[in-house]
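I opened the notebook to look up a few residues one at a time, and then to take the chain as a whole. The entries follow the order in which I looked.

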Amino acid sequence: MTSENPKLRPVNVQMIQHQNQPMLLLDDPLHLSEAAIAVPQALATLLLLMDGTRNLAGLEAGLQVRAGIRLQPGVLAQLLEALDTAYLLDNDRFRRARAATIEAYRSAPFRPQTVDGIAFETSPEVAAEELQALVDTLPPPATAAEEDGASIRGVVSPHIDYQRGGSVYAEVWRAAADAARRAELAVVFGTDHRGSEAALTLTRQSYGTPFGVLPTDQDLVDALAGVLGDEAAFGEELNHREEHSIELAAIWLHFVRRGEAVPVLPVLCGSFGAFVAGQGEPAAHEPFAQVAHVLQSVMARRRTLVVAAADLAHVGPAFGDAHGVDFIGRAQQRNADERLLASICAGDAEAFFAQIRDEGDRRHICGLPPIYLTLRVLGEAQGRPAGYALCPADPQGLSFVSVAGALLH
């Protein structure tokens, strides 16, 4: 039974056409249910009113006042029942389902791989062949210095799919292979596409790859949870279940280690939107300083590779921009990305953040949090770029995702 004052959860919303009528398709980002609810676009105001402060009569009255729409009897109750069935309302039924899902996630032997599009399901041998094929398409390293990766302490690796970003993954991880094989610990910061502001989300689950399981370092998770607090550290843990960013880097890490496992600390990083909007500075955010201190003390004792699983710009109509990206626009994107890469390769976390803040993050840099935190944890570092691509993001060729690699010494 739905709440007297219904409250809509944060949900995924997609515009669709159904029988020539514009509709909003709502589904659950946590995938507690696979059901999707189609709501007429005209009722968007009704969804906004579902903030937990109005009962059914208040919702109907608000819709009539704000949008001039009078609902037929029973329509609102029917909609609320559908939303409740799909766990899209913030109520006890949703919380019970989430708790059960978290318990199932935590009790599983490991977090299974979720990515598709490459033959990981067949065997580790087939997966290795497909990843090696991406490496084999690269030209030989230009210099001996590029071949010597033993001193690499950090890498920026994409989290786009391998089909579009494969050459960048291959260039990064070919160069970082020696450092990856020498590592006694890997810290992987990944973009949490559903994460709340400045969240650092841990998990005690280990990540599965085609080559086995990369064990999560439990002692290090405990140490970080001790400074963050359990509510902050694990409040959004379920995001690990389907978030692909860490997984896509972990697969390459395991591959270049020739299937040998290494302890990993997987950390999902939430939005920096408030910082970009001027509401505080990441440099002054105490949890970041605490996490950096803990990790730096561990890195002083253990050979550690720090990985940012991060893409760069998301531009064009597919990402809400009014105009498509033409030839000149692509050149401008590349130039802007080169400036970001210069700050990354200088190891300058604050300059990297300042560039994105100063442009109002109008290019939607979804790798901002993991790259910033990687640079912050590494401290003094110098590096070089390793691969770059503008990847198409719509059939019209008007939207693009830029991805780049970097190697930090």
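This is a predicted model: local features need pLDDT of at least 70, side-chain atom pairs count only at pLDDT 80 or more; totals for chains, interfaces and linings use all residues.

**Entry 1: serine 245**

I began with serine 245, which lies in helix H10, residues 245-256; helices here are DSSP runs of H or I with at least four residues, strands are runs of E with at least two, and both are numbered from the N terminus. Residues are numbered from 1 along each chain as its sequence is written, and side-chain values use heavy atoms, with hydrogens and water left out.

Is serine 245 buried or exposed? Serine 245 has a relative accessible area of 0% and is therefore buried, where buried means under 20%, exposed over 50% and partly exposed in between, with a 1.4 Å probe and protein chains only. I then listed the contacts of serine 245 beyond four places in sequence, and found His159, Gly190, Thr191, Leu268 and Ala309; a contact means heavy atoms within 4.5 Å.

Phenylalanine 400 is in strand S13, residues 400-408, and counts as buried at 8% relative accessibility. Setting aside residues up to four places away in sequence, phenylalanine 400 touches several residues, among them Val315, Phe319, Arg330 and Cys391.

Phenylalanine 110 sits in the loop between helix H4 (92-107) and helix H5 (124-136), and at 33% relative accessibility counts as partly exposed. From phenylalanine 110 to glutamate 130 I read 24 Å between C-alpha atoms, for 20 residues in sequence. Beyond four places in sequence, phenylalanine 110 is in contact with Gln205, Ser206, Gly208 and Val213.

**Entry 2: positive phi**

Which residues other than glycine have a positive phi? I noted glutamine 19, with phi near 55 degrees, and arginine 258, with about 60 degrees. Glutamine 19 is in the loop between strand S1 (12-18) and strand S2 (21-27), and counts as exposed at 72% relative accessibility. Arginine 258 is in the loop between H10 and strand S9 (264-269), and likewise counts as exposed, at 67%.

**Entry 3: aromatic rings**

I found eleven aromatic pairs in the structure, where rings of Phe, Tyr and Trp (its six-membered ring) pair if their centres lie within 6.5 Å, and planes under 30 degrees apart count as stacked, over 60 as edge-to-face and the rest as tilted. One of them joins phenylalanine 272 and phenylalanine 275, edge-to-face, with 5.2 Å between centres and 90 degrees between planes. Phenylalanine 272 counts as buried at 3% relative accessibility, and phenylalanine 275 counts as buried at 7%. I also recorded one aromatic cluster formed by Tyr162, Tyr169, Phe211, Trp252 and Phe255.

**Entry 4: the whole chain**

The protein chain has 15 helices and 13 strands. Its radius of gyration is 23 Å, close to the 22 Å that the globule rule gives for 409 residues, so the chain is as compact as a globular protein of that length; the radius is taken over C-alpha atoms, and the rule is 2.2 Å times the number of residues to the power 0.38. Buried residues make up 50% of the 409. Among contacts between residues at least 6 apart in sequence, 75% join residues at least 24 apart.
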